[in-house]
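Here's a quick tour for anyone meeting this structure for the first time. Take a look at it below, then read on.

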Amino acid sequence: MRILADENIPLIDEFFADLGTIERRPGRQLCRDDLLHTDVLLVRSVTRVDQSLLEGTPVKFVATATIGTDHIDTDYLTANNIGFASSPGCNAQAVVDYVLSALSVLTDTRGQTFTDLSVGIVGVGNVGGLLRQRLETMGVTVMAVDPFKQPEDVGELVSLQQALQADVVTLHTPLTLDGPHPTHHLIGAEQLAAMRPDACLINTCRGGVVDGQALKAHLNDHGDFEAVLDVWEHEPYLDLALMQRALIATPHIAGYSLDGKMRGTEMIYHAVSEFLGLPVRCKLAQFLPEPGIKRVNFSDNIPVHQALRTAIRASYEIRVDDGVMRAAMRRSEDQRATFDQLRRDYPLRRDIPVLKVGVPARCLDLGKALEAAGFDVRVK
Ligand SMILES: NC(=O)c1ccc[n+]([C@@H]2O[C@H](COP(=O)([O-])OP(=O)(O)OC[C@H]3O[C@@H](n4cnc5c(N)ncnc54)[C@H](O)[C@@H]3O)[C@@H](O)[C@H]2O)c1
Ligand SMILES: O=C(O)[C@H](O)[C@H](O)COP(=O)(O)O
């Protein structure tokens with residue numbers, strides 16, 4: 001068995017070494033010639049997998065260690081009897097953490113608390129569904145839209161027009177170009193104009209879901225409008241003027257927690273094992289390290305919103321990623337190389353539920369609020 005893997009997929013040896021020989025390549029440069037002796041191809045989102053990559057190769061199975069699948073021509077795989085698996089939900093928690101950290105910065109800059117906000121969630125799948133659950137338990141008003149879901153499965157749904165009325169609109173759809181509800185440029189000039197002049201748009205799904213030119217113009221015309229952008233229309237190239245005007249700008253790392261990335265590898269390992277008719281031979285828990293910060297303790301005189309902010313940012317401080325990207329892009333002579341390097345060298349980050357939070361026994365409300373945000377609360 002010959003396996004070729006993107007060099008940025010973690011734990012490849014740990015999960016796949018007993019299956020055969022493993023080769024690694026930078027995902028963005030992977031080409032057909034690399035695959036002339038490959039049986040199983042393991043990719044991330046930066047490799048376009050289609051006829052031009054696979055035709056004439058012996059590849060029998062393709063797996064992507066990502067949630068998104070817009071880089072895969074699944075029709076071609078099906079038509080050519082090539083097996084396929086993705087990693088649905090693997091890094092959903094990390095994206096939710098990213099949004100919570102962004103909201104904590106937004107409310108901070110505006111002197112608000114989480115419960116002052118209404119949040120429109122566009123796409124109520126793995127990420128949007130978990131986000132909805134967290135925000136609603138935290139007491140935030142949510143307006144969710146998803147034309148492919150039923151309210152009995154995901155809770156109350158509204159139209160996109162209604163969701164655009166929220167203080168914050170956060171996007172969690174796949175990038176789709178066809179079908180009954182395509183998402184390419186789902187948010188353009190018309191939708192931005194329908195939003196509140198002081199709203200905040202968060203995009204962590206795919207750059208192409210937002211019309212970047214329209215967003216830049218809207219931001220320039222509306223001084224109180226904010227944008228939090230993790231994904232960009234022409235990645236790995238960025239519109240620097242859009243980046244400068246964004247409240248927070250990051251290099252497509254919303255899902256980049258260690259837990260999320262490693263869970264992605266575990267999911268493709270399960271899929272490859274099943275394809276080969278093999279039993280599951282190892283588990284992610286064997287390889288996950290202990291968290292760096294193990295515990296944050298609160299005393300009883302801290303307001304709930306402050307404790308939430310502190311705990312969220314102890315787990316994941318989005319402003320650091322924003323600062324690092326702005327500094328790197330300012331110095332950069334090669335945007336593409338810088339964008340990829342920021343992603344490749346991304347520092348270790350753990351999911352919110354990994355952080356234990358200590359609260360005094362008499363602070364029931366504090367404990368409940370932290371639990372609602374996903375923390376592992378221990379009563380002192
Ligand atoms: N920035 C990152 O690091 C990162 C990490 C994970 C996922 N993502 C992106 O986020 C996307 C969503 O992730 P997920 O795990 O929730 O996917 P998912 O497939 O579980 O959910 C997507 C939801 O969007 C809905 N949807 C589709 N078209 C829609 C439309 N026109 N309007 C409203 N809703 C629509 C679907 O019905 C589905 O419920 C992924 O496709 C991926 O591209 C980005
Ligand atoms: O779709 C996903 O899972 C995310 O966008 C993922 O984090 C992308 O990471 P990449 O494959 O580009 O390293």
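## Two helices that cross

A crossing of helices is called left-handed if the near helix is turned anticlockwise from the far one by less than a right angle, and right-handed if clockwise. In this predicted model, the crossing of H4 and H5 is right-handed. Helices here are DSSP runs (H or I, at least four residues; strands are E, at least two), numbered from the N terminus.

H4 spans residues 92-110 and H5 residues 126-137; they pack at about 50°, with axes 9 Å apart. That makes H4 oblique to H5, since angles under 35 degrees count as roughly parallel, over 145 as roughly antiparallel, 65 to 115 as roughly perpendicular and the rest as oblique. The axes are lines fitted to C-alpha atoms over the stretch in contact, and angles run from 0 to 180 degrees between N-to-C directions.

## Who touches whom

On the H4 side, Ala-92, Gln-93, Val-95, Val-96 and Val-99 meet Asn-126, Val-127, Leu-130, Leu-131 and Arg-134 of H5 (contact means C-beta atoms, placed from the backbone, within 7 Å). By class, that contact has seven nonpolar, two polar and one charged residues. Ala, Val, Leu, Ile, Met, Phe, Trp, Tyr, Cys and Pro count as nonpolar, Asp, Glu, Lys and Arg as charged, and the others, Gly among them, as polar.

## Reading the numbers

Residues are numbered from 1 along each chain as its sequence is written, while chains are lettered from A and ligands numbered from 1 in the order in which they are written. Local features need pLDDT of at least 70 and side-chain atom pairs count only at pLDDT 80 or more, but totals for chains, interfaces and linings use all residues.

Definitions and conventions. Two residues are in contact if their C-beta atoms, placed from the backbone, lie within 7 Å.
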